[in-house]
Structures are given as C-alpha cells and as structure tokens.
Amino acid sequence: MKIAAVVLRIKNFIFLALGRFTPKRRKVGKDFEVDSRSFVFGSEFEYSKVRVGDQLDGRLVERIYYSGLNALIYRAGGEISYLSRIKKNSTKALIYQLESLLSEALLKFRGVHKFVLEEYKLNLLALIYGSDIEGVELAGGIFESLKRFIDDKPKVTYIFEVNGAFVVYVSSKGEVAYQVREMGAHSSLAFSEFHRLKALALSVLPKRKLEIFNHKLASGFIAALRSRETDVSECFLPVKTYLDKTVNNLAGLYLVLSVLGNSVVILTIVFLVYFYKSTAITLNLNMLLAGIAGGLTGAVISVLQRSKDLKVAIYDSTNLLVLQAMARVGLGCCFGVIAIVASKSGLLFEFLSGDHKKMFLLAVIAGFSERMIPDFIEKVSEDKKP
C-alpha cells in the first residue's frame with residue numbers, strides 16, 4: 001500500500017510539472033481544442049498568425065471575420081474589434097465616420113439594436129479594410145442606410161433587460177419593444193401573446209395606465225423568453241389579470257359617471273318644469289314629476305351602492321357604456337312613474353296613494369329595485385289571463 005501511494009505521488013508530480021511547461025489549451029467549438037497563444041500588437045505584428053482561441057492584447061479571440069496583410073477584424077469580449085496598419089486619410093475618415101455614427105447610436109439606443117448595429121459595423125469594416133477601391137466606394141450606400149436606421153428608430157428611454165440573447169426596452173413612444181438574436185430559440189407563443197396583449201392595451205387603456213402595464217408586459221415577456229417550455233401562456237397570466245381588472249374598473253367608472261351625468265340633466269329638467277309649469281291644479285303633472293324624480297333617485301342609489309360589483313362587458317366601447325347608463329336611468333324613471341300610477345289605481349300599495357311624500361318614497365323604492373315593477377307587471381298580466 002505504501003509503494004502504491006508513493007507511485008501515485010510521483011505521477012501527480014510529473015503531471016503537475018508537465019502542466020506548468022506545456023502551453024495551455026483552450027476549447028474552441030464543440031469537438032476540438034487548439035493551443036492558446038498570447039500576442040501583443042506592434043508595428044511588426046503579423047495578423048495571419050492570430051487564430052480563434054488566442055489571447056490578443058489580453059483579450060480572448062472568439063471569432064475572426066477578416067485577416068489580411070494590413071488589417072484584422074475579430075470578435076473579443078463579445079465585441080467586434082479591429083486592428084490596421086493602413087494610414088490613408090480616406091480610410092481614417094471612413095473609420096471616424098463609422099465610430100461617430102456608432103457613438104450616436106449608443107447614446108440614443110443605450111445598447112439596444114446591438115445585433116443590427118454589429119452587422120452594419122462588420123460590413124463596413126470588411127469593405128474598408130478588405131476590399132479594393134470599388135469596395136470602399138460601396139461603403140457609402142451602407143453609411144446612408146446606417147444613418148437612416150439611427151434617425152428612424154425611436155429613442156430608448158428605459159431598458160428592462162439586456163443580454164446576449166435578447167433586449168427588452170421601452171421606446172420614446174411609450175411602447176415596449178424587443179430585439180432578439182435568434183427568434184427560433186424561443187417559443188413562438190411568446191411573441192404572439194406579446195403583440196396581442198400590447199395591441200389590446202393600446203386600444204383600451206388610457207395613457208396614464210400604460211406605464212404600469214408596460215412593466216408587467218415586459219416582465220411577462222422576459223419570463224417567456226427565458227422559459228424552456230413551449231407553452232408560455234402562464235408567464236402572461238399576471239399581465240392578462242391586470243389588463244382585465246383595469247379595463248373592468250374603468251368601464252364601471254364610465255358607467256357610474258354616465259348615470260350621474262344623465263341623472264343631473266333629467267333632474268334639472270324636472271325641476272325647471274315643476275318650477276315654471278306645476279300648480280296646485282296640475283295634479284297629474286305633479287304626480288308624473290314625482291314619479292320621475294323618485295324613480296331616478298332610486299336608480300342612482302342602486303348604481304352607487306353596487307358600483308364595485310357592477311358587471312359590464314370589459315371591452316365594450318364607451319358609447320355602449322353611455323347607452324347602458326341611459327337605459328338604467330330611463331328604467332328608473334319609468335319604474336317610478338308606474339309605481340305611482342299603480343298606487344293611485346289601487347293595484348299596488350293603495351294605502352300610500354293619499355300621501356305625496358309616501359308616494360315619492362314608493363317611486364324611490366321602485367327605481368331602486370330592479371324586480372319590483374317587472375314582477376308587478378307580470379302578476380297583472382297573469383291575473384288578466386282567462
């Protein structure tokens with residue numbers, strides 16, 4: 001046992017020594033490795049020697065796009081970089097123009113549209129350093145395209161998340177947007193749900209509610225992009241819940257405000273008619289006005305009392321909600337008038353017909369109750385059947 005332990009220690013020592021004097025190997029790709037070398041850029045530096053996996057000025061070379069006698073275009077640290085010995089003023093001017101545009105894009109987009117801007121940068125560098133005079137002339141068209149891209153895209157105001165796979169942000173238009181490197185790497189349901197909910201919110205939510213909705217939508221969308229599942233509908237459940245609840249509350253608010261607005265108009269008309277037309281001998285008119293005012297008061301009380309529990313179709317138009325409010329107000333007025341007429345006729349609470357205050361209260365109750373007058377009408381119609 002002691003001999004075996006000594007042999008094992010000797011083997012470990014040999015392997016440790018070999019590891020110190022053997023060049024380090026770095027994996028490149030999935031199935032092979034290359035020796036990792038280190039280079040420092042200088043005047044006599046040969047670009048053709050550099051390959052993927054080497055260290056160049058302390059940075060790992062992840063990919064080489066172009067390697068020529070006078071220039072090297074490569075990716076290191078997740079960024080596209082370049083080296084060149086070309087000293088022509090025309091080339092320097094093009095590089096300066098490129099860097100200026102990219103700096104402008106960085107300030108405006110705050111790192112968003114990185115994937116698109118990298119394509120522009122790579123194409124322009126390849127034309128500037130790797131092509132002949134014709135290629136350099138062709139760069140003018142790409143520069144114009146890059147300028148249009150920077151001018152047309154809205155400014156980025158807030159970034160929710162940025163990584164190597166996707167970016168989710170809010171533009172200056174107040175809309176949530178995204179950039180994804182590989183669309184196929186994520187569930188298609190994530191994109192369809194994102195656009196569906198976004199379009200729905202823009203059509204039904206007021207501007208003051210969109211900021212909160214955007215944060216919830218972005219959170220759900222990020223969760224869906226991160227998810228490994230095909231069905232990512234659960235990621236958007238909080239977004240749907242917030243949207244439905246907010247729209248339902250707004251619909252209820254519009255309905256209540258419409259009821260109150262219509263009631264004020266009708267009560268004003270009733271008051272004016274009573275003030276200018278009513279007299280001691282206009283008993284029928286007085287009864288009618290009392291029925292309208294009482295039924296309307298009961299309907300308003302009913303709506304206000306059940307305002308939290310009002311059931312409305314959450315995606316109905318505002319005009320339809322106003323129409324519903326007018327219908328509730330109109331039914332309240334009708335129920336109040338019918339209750340007073342029925343009482344005067346001896347068909348409903350005849351003992352109240354001699355007191356105007358009690359009849360007004362009867363009209364209020366009729367307007368408040370949704371079933372009192374309909375049930376009364378059904379009973380009368382049944383009694384008259386042979």
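Select glycine 77 first. In the hairpin of β6 and β7, which has two residues between the strands, glycine 77 takes a positive phi near 65°. Strands here are DSSP E runs of at least two residues, helices are H or I runs of at least four, and both are numbered from the N terminus. This is a predicted model: local features need pLDDT of at least 70, side-chain atom pairs count only at pLDDT 80 or more, and totals for chains, interfaces and linings use all residues. Residues are numbered from 1 along each chain as its sequence is written, and side-chain values use heavy atoms, with hydrogens and water left out.

β6 and β7 pair in the antiparallel sense over six bridges. Two strands count as paired if DSSP finds at least two bridges between them. Isoleucine 73 stands opposite tyrosine 82 in β7.

Turn to the other neighbour of this stop, β5. Strand β5 (residues 59-67) is joined to β6 by five bridges, and the two run antiparallel. Three residues make the hairpin link from β5 to β6. Pick isoleucine 64: its bridge partner in β6 is tyrosine 74.

How many residues of β6 are buried? Select residues 71-76: six of the six are buried. Buried means under 20% relative accessible area, exposed over 50%, and partly exposed in between (1.4 Å probe, protein chains only). In a regular strand the side chains alternate between the two faces of the sheet. In β6, Ala71, Ile73 and Arg75 are buried on one side, and Leu72, Tyr74 and Ala76 are buried on the other.

Next, the rings. The whole structure holds nine aromatic pairs. Rings of Phe, Tyr and Trp (its six-membered ring) pair if their centres lie within 6.5 Å; planes under 30 degrees apart count as stacked, over 60 as edge-to-face and the rest as tilted. Select tyrosine 82 and tyrosine 129: this pair is tilted, with 5.9 Å centre to centre and 40° between the planes. Tyrosine 82 lies in strand β7 (residues 79-84) and tyrosine 129 in helix α3 (residues 114-130), so the pair ties together parts that are 47 residues apart in sequence. Tyrosine 82 is partly exposed at 24% relative accessible area, whereas tyrosine 129 is buried at 10%.

Tyrosine 178 sits in strand β10 and phenylalanine 191 in helix α5 (residues 188-204). Ring pairs link Tyr178, Phe191, Phe194 and Phe221 into a cluster.

Stay with β10 and show its sheet. Three strands form an open sheet in the order β8-β9-β10, with antiparallel pairing. The edge strands are β8 (156-162) and β10 (176-180), each pairing on one side only. Within it, tyrosine 169 has alanine 177 in β10 as its bridge partner.

Select aspartate 54, in the loop between β3 (38-39) and β4 (55-56). Aspartate 54 is buried, at 0% relative accessible area. Its side chain joins that of arginine 37 in a polar contact of 2.8 Å. A polar contact is a pair of N or O atoms within 3.5 Å; within protein, one must be able to donate a hydrogen and the other to accept it, and residues adjacent in sequence count only if both atoms are side-chain atoms.

Last, go to glycine 294 in helix α8 (residues 283-305). Glycine 294 counts as buried, at 0% relative accessibility.
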